[in-house]
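Have a look at the structure first, then read on.

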Amino acid sequence: MHLNKEQKANLKAAVIAGTAAGIVSGFVKLGWENVLPPRTAERDAVNPPQTLMEQMGIPKKITRGTYTYSGHQMPWASFMMHFGFSTSFAIIYEVLAEYKPFIRKGSGAIFGLAIWVAFHIGIMPMMKTVPSPKDQPTEEHISEALGHIAWMWTNDIVGRELYRRLTAQK
């Protein structure tokens with residue numbers, strides 16, 4: 001939704017819409033990674049969220065903590081980081097889009113690719129959270145790039161529609 005001069009962005013609606021979109025898109029990204037796993041099993045034994053938390057000084061008993069569901073050990077701390085990242089960027093996207101509509105170009109795909117480049121090609125390799133981009137397998141780049149497009153497209157669709165519904169005149 002593009003605001004005209006008489007309209008003001010509804011920040012509360014944008015944050016609510018971004019939060020909901022971030023949760024939904026977080027599940028989309030997890031599903032994507034089940035179909036096209038970005039990392040080898042060996043590299044995923046300690047995944048990037050776990051590595052990042054350990055780099056921040058969080059003890060392994062927390063970063064590698066799991067819960068059991070249907071016989072599977074599920075990494076709850078990794079999921080908290082995953083959904084925290086997803087929701088934070090969905091809120092940022094939704095709020096920014098209300099003030100700078102160009103951010104929605106490509107329905108989130110361009111923004112998603114920018115986040116992938118910033119974090120997976122830039123920030124995380126510089127921090128040694130993941131290997132240098134040249135040392136990451138091609139499959140990882142493909143999965144992460146396409147996964148970030150699907151993730152932000154989901155944020156765009158869900159966030160935009162929810163914002164529209166929350167701000168519709170009754």
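## Spans from the record

Welcome to a predicted model. We start with residues 76–96, a span that is 100% helix and 0% strand, with 30 Å between its end C-alpha atoms. An unreviewed UniProt entry gives this span the feature "transmembrane region", and the entry does likewise for residues 12–32 and 108–127.

## H3 against H5

Next comes a pair of helices, H3 (residues 48–55) and H5 (residues 76–99), whose axes approach to within 9 Å and cross at roughly 90°. Angles of 65 to 115 degrees count as roughly perpendicular, so H3 is roughly perpendicular to H5.

Which residues make the contact? From H3 come Pro 49, Gln 50, Leu 52 and Met 53, and from H5 come Ala 77, Ser 78 and Met 81. Sorted by class, the contact of H3 with H5 holds 5 nonpolar and 2 polar residues, with no charged ones.

## H1 against H7

How do H1 and H7 pack? Helix H1 (residues 11–35) and helix H7 (residues 138–167) meet at an angle of about 150°, and their axes are 7 Å apart. Since angles over 145 degrees count as roughly antiparallel, H1 and H7 are therefore roughly antiparallel to each other.

The crossing of H1 past H7 is right-handed. In the contact of H1 with H7 there are 16 nonpolar, 10 polar and 3 charged residues.

How values were computed
Residues numbered from 1 in each chain as written. Predicted model: local features only at pLDDT ≥ 70, side-chain atom pairs only at ≥ 80, totals over all residues. Heavy atoms only, no water. Axes fitted to C-alpha atoms, helices over the stretch in contact; angles between N-to-C directions. Helix = DSSP H or I, 4+ residues; strand = E, 2+ residues; numbered from the N terminus. Parallel < 35°, antiparallel > 145°, perpendicular 65-115°, else oblique. Contact = heavy atoms within 4.5 Å. Nonpolar A, V, L, I, M, F, W, Y, C, P; charged D, E, K, R; others polar. UniProt positions renumbered as here; feature names shortened; annotations may be inferred. Left-handed = near helix turned anticlockwise from the far one by under 90°.
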